[in-house]
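Colleague: I would like to learn how to read a model of this kind, feature by feature. Could we begin with the ligand and its surroundings?

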Amino acid sequence: MKLLTEILEAVVLASSQIRPDIYLLSLEAPTISRDARPGQFVHIRCSHTYDPLLRRPLSIHDIGSKGELVLLFQAKGRGTAWLAGQQAGNRINVLGPVGQGFSIVANKKVAIVAGGLGVVPLLFLARKLLESDNEVNFFLGAQDCDKLLRLEALRRMEVNLFLATDDGSAGFKGTVTDLWKKHLRPGAFDWAYACGPQAEMAEFARLAERVALPAEVSLEERMACGIGLCRGCVTAVCDASGHKKYENVCSCGPVFNAAAVCWED
Ligand SMILES: Cc1cc2nc3c(=O)[nH]c(=O)nc-3n(C[C@H](O)[C@H](O)[C@H](O)COP(=O)(O)OP(=O)(O)OC[C@H]3O[C@@H](n4cnc5c(N)ncnc54)[C@H](O)[C@@H]3O)c2cc1C
């Protein structure tokens, strides 16, 4: 069997700062772009040395029209600050694509619920769902209108876009989950996907379960190896018979069936 995950020296094609702390980075990584599925991530060495030692996981945000790998990230600490400083022509060591992505359904009515940075893996998902002839209803939320990420890119796509902000500066006033709840009735959607703050995803999962809606979430855990060896990023899930077990977020996820996640853990 061909191993799809690989390590390569990706060339930076472009880097831009789209908000004071948020960056878009395009990389030439043809084999990763070719094999990538929405919800998968890449594991990046954020240095040309072994300090910091651990790679940093970033979701695959999009595959550009020329096959470039596009990442969207917040500069938080040492690793992402180094990444934010990279210029066109630099090389970055990238492992990927890693993890299990979202299910791509066809000819369905789907809801995508994105809170804050949660939009990162969901734009690529929306693109793939549109290619599979789904009706895509995209619910995008943030604290205020300046923090609604990739609004213009989403407006250019054939999605039905619904906005929510905590302060009411754009769209519905409240959380994106509260907005989604207003549209949620039995049969309103065939499938739903979410990524965002943990509390919002837990609420999303509860709401979906109430109307027996198949739903998937992308989880975040601090991780080390990124390929299922170190067990440093486990999360509690329930198996088919209701027993709790622990699964690696990196290799069994980061996308999980929302109903299987033990949200209280
Ligand atoms: C599967 C996966 C996909 C991700 N995709 C993206 C993405 O596309 N864009 C993006 O901006 N971020 C993403 N993250 C989070 C990103 O990996 C972390 O922000 C990054 O590793 C921080 O590294 P650093 O060296 O800059 O900061 P550190 O110095 O390591 O940490 C800085 C701060 O960030 C916190 N932090 C570090 N790692 C995580 C984490 N995994 N989750 C939550 N908080 C963390 C630390 O507790 C600390 O407060 C993803 C995480 C996972 C697990």
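Modeller: Let us start with composition: by class, the shell around the ligand has 9 nonpolar, 5 polar and 6 charged residues. Please keep in mind throughout that this is a predicted model.

Colleague: Which residues come nearest to the ligand, and which elements give two or more residues to the shell?

Modeller: Of the 20 residues around the ligand, those that come nearest are Ser59, Phe73, Gly77, Gly79 and Thr80. The elements that give two or more residues to this shell are strand E4 (56–59), strand E6 (69–74) and helix H2 (78–84), and E4 gives the most, with 4 residues.

Colleague: How should I read the two faces of a strand such as E4, and are the residues on them buried or exposed?

Modeller: The general idea is that in a regular strand the side chains alternate between the two faces of the sheet. In E4, Arg56 and Leu58 lie on one side, Pro57 and Ser59 lie on the other, and all four are buried, with both faces of the strand covered.

Colleague: Where does E4 stand in its sheet, and what is the strand order?

Modeller: The sheet is open and has 7 strands in the order E4-E3-E7-E1-E2-E6-E5, with antiparallel pairing. Its edge strands are E4 and strand E5 (62–63), each of which pairs on one side only.

Colleague: What do the pairings of E6 look like, on the side of E5 and on the side of strand E2?

Modeller: E5 and E6 pair in the antiparallel sense over 2 bridges, and Asp62 stands opposite Val70 in E6. The hairpin of E5 and E6 has 5 residues between the strands, and in that hairpin Gly67 takes a positive phi near 85 degrees. With strand E2 (residues 22–28), E6 pairs in the antiparallel sense over 6 bridges, where Ile22 stands opposite Gln74.

Colleague: Turning to the domains, what does the domain assignment give, and how many residues does the contact take from each domain?

Modeller: The domain assignment of the protein gives domain 1 (6–98) and domain 2 (109–218), and the contact takes 10 residues from domain 1 and 9 residues from domain 2. On the side of domain 1 that touches domain 2, the elements giving two or more residues are E5 and E6, and by class that side has 5 nonpolar, 4 polar and 1 charged residues. The C-alpha centres of the two domains lie 24 Å apart.

Colleague: Which residues of the largest nonpolar core touch the most other members, and why does this core lie between the domains?

Modeller: Of the 72 residues in the largest nonpolar core, Ile112, Val113, Phe139, Ala192 and Phe204 touch the most other members. The largest share of this core, 6 residues, comes from helix H3 (residues 122–131). Domain 1 and domain 2 both give residues to the core, so it lies between them.

Colleague: Which residues of H3 are buried, and what covers them?

Modeller: In H3 the buried residues are Leu122, Leu123, Phe124, Leu125, Ala126 and Leu129. What covers them includes E5, strand E8 (109–115), strand E9 (135–142), helix H4 (151–155) and strand E12 (191–195). Just after H3, Asp133 takes a positive phi of about 60 degrees.

Colleague: What does Ile112 touch, and what is its bridge partner in E12?

Modeller: Leaving aside residues up to four places away in sequence, Ile112 touches Leu122, Leu125, Ala126, Val136, Phe138, Phe139 and Tyr193. Its bridge partner in E12 is Tyr193, and E8 and E12 pair in the parallel sense over 5 bridges.

Colleague: What is the strand order of the sheet that holds E8 and E12, and which strands stand at its edges?

Modeller: This open sheet of 7 strands has the order E11-E10-E9-E8-E12-E13-E16, with mixed pairing. Strand E11 (172–173) and strand E16 (255–257) stand at the edges with a single partner strand each, so one side of each is left without a neighbour in the sheet.

How values were computed. Residues are numbered from 1 along each chain as its sequence is written. This is a predicted model: local features need pLDDT of at least 70, side-chain atom pairs count only at pLDDT 80 or more; totals for chains, interfaces and linings use all residues. A residue is near a molecule or strand if its C-beta atom, placed from the backbone, lies within 6 Å of it. Ala, Val, Leu, Ile, Met, Phe, Trp, Tyr, Cys and Pro count as nonpolar, Asp, Glu, Lys and Arg as charged, and the others, Gly among them, as polar. A nonpolar core is a set of buried Ala, Val, Leu, Ile, Met, Phe, Trp, Tyr and Cys residues joined through C-beta atoms within 7 Å. A residue is buried if 20 or more other C-beta atoms lie within 10 Å of its own, exposed if 12 or fewer, and partly exposed in between; C-beta atoms are placed from the backbone. Domain bounds come from an automatic or database domain assignment. Two residues are in contact if their C-beta atoms, placed from the backbone, lie within 7 Å. Two strands pair if DSSP finds at least two bridges between them.
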